[in-house]
Amino acid sequence: MALSLAAAVAVGVLMPSTARAVPTAAPGADSVQKGLNALVRTDGVPAALATVRGRNGRARYYTAGVGDLATGAKAPVDGQIRIGSNTKTFTAVVVLQLVGEGRVDLDATVDTYLPGVVRSEGVDGRGITVRQLLQHTSGLPDYEGLLDEASLRYRYFEPRELLDLALGKKPESAPGEKFGYSSTNYVLAGLIVQKVTGRPLAEEIDRRVVRRLGLRHTYFPAAGDRTIREPHPKGYRKDSADGPLRDFTEMDPSAGWAAGQMISTDSDLNRFFTELLVPGRLLPAAQLAQMRTTVPIGDTGAGAGLGILSRPLSCGGVYWGHGGDIPGYETRGGATDDGRAVSIAVTTVPTDYDVTRRLEGVVDTALCR
């Protein structure tokens with residue numbers, strides 16, 4: 001199941017919305033629009049949606065392609081999408097809020113909060129810290145490669161089932177040795193939130209993040225909810241690289257849980273990442289500084305913080321965000337410290353990572369123009 005963000009960096013005119021004031025641009029003259037058009041026309045994604053926020057807080061909204069291949073209907077401006085592993089940042093925020101409240105210690109072991117839960121050949125929760133979970137340096141194996149995407153559509157997974165799948169594999173490395181992306185880390189982070197608060201993770205994310213920021217189009221689907229509530233482009237999936245695109249919009253996202261279950265919009269994601277970077281909005285300054293302390297992701301120039309990633313910009317500096325893949329949707333984007341932000345979604349997970357690199361290139365274009 002393609003829920004994770006890859007560990008490397010990386011048809012239409014500007015569409016007006018009756019609900020928003022959208023600056024106009026000459027058809028084809030805008031570099032972001034050109035990039036989205038190329039993703040559709042050259043790379044074959046059914047639709048691409050983007051929201052770009054400038055330093056002044058004003059937003060531009062874009063669509064390309066069609067939102068429904070069967071009917072040819074346009075993709076809705078700023079439509080809801082499944083955001084996959086962007087969910088990890090929401091989960092990390094809740095954990096770090098609990099750190100700020102003195103209820104969780106980043107350098108305490110997983111066993112402190114979930115005694116005896118993490119035990120398998122070569123894996124011991126007594127030697128893995130909460131910080132290592134959030135930073136993907138725990139060495140824990142990933143459960144995603146053990147899931148058959150095609151069979152996930154109607155299957156519900158309990159978080160402990162996902163954990164059991166992962167613990168059937170040997171560790172990737174020793175705790176603290178190196179960065180190694182694994183959604184298993186965030187299943188455990190979500191379980192820690194529930195153990196410490198005594199409340200479901202979804203309720204904590206909603207109370208502490210979604211409602212606090214007024215993210216009106218963002219939610220954590222309830223168990224068994226396979227739908228997307230508001231106007232949205234349909235999501236598509238291929239069974240093979242040369243196979244046809246199949247409608248995969250309605251699915252049970254429980255295999256993502258704390259690592260990838262949420263639904264949002266490009267504009268809500270921009271607001272989330274922009275507000276997150278301001279000390280005191282979501283996190284106290286001390287916890288935000290910990291979140292932004294990174295380890296290198298190979299030689300890409302990108303860094304992994306605690307639930308957030310930094311990527312270099314071609315125009316200098318970095319932007320902070322995450323990104324996510326889940327069958328039917330891929331998202332990339334983030335925000336800069338001076339208030340610029342962009343989120344772009346396409347309605348299939350490309351089988352060729354070069355397409356994802358081009359998508360990341362449009363993010364860079366939007367932030368650097």
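I started at Arg-126, which counts as exposed at 52% relative accessibility. This is a predicted model, so I kept to what its computed values show. Which partner does Arg-126 meet in a salt bridge? I found Asp-124, with N to O at 2.7 Å. Asp-124 is partly exposed, its relative accessible area being 27%.

Next I turned to helix H7, residues 201-213. Glu-204 and Arg-208 both sit there, four residues apart, about one turn of the helix. Their side chains form a salt bridge, again looked up as N to O, at 2.7 Å. Are these two buried or exposed? Glu-204 is buried, at 0% relative accessibility. Arg-208 is buried too, with a relative accessible area of 6%. I then followed the shared partners: salt bridges join Glu-101, Arg-103, Arg-199, Glu-203, Glu-204, Arg-207 and Arg-208 into one network.

My last pair was Lys-170 and Glu-121, a salt bridge whose closest N and O atoms are 3.9 Å apart. That falls within the 4 Å cut-off, so I kept the pair on my list. Where do the two partners lie? Lys-170 is in the loop between helix H5 (159-167) and helix H6 (184-197). Glu-121 is in the loop between strand E4 (119-120) and strand E5 (123-124). The pair therefore ties together parts that are 49 residues apart in sequence. Both Lys-170 and Glu-121 are exposed.

For the tally, I noted that a search of the whole structure finds 29 salt bridges.

Technical notes
Residues are numbered from 1 along each chain as its sequence is written. This is a predicted model: local features need pLDDT of at least 70, side-chain atom pairs count only at pLDDT 80 or more; totals for chains, interfaces and linings use all residues. Side-chain values use heavy atoms; hydrogens and water are left out. Helices (H or I, at least four residues) and strands (E, at least two) are DSSP runs, numbered from the N terminus. Buried means under 20% relative accessible area, exposed over 50%, partly exposed in between (1.4 Å probe, protein chains only).
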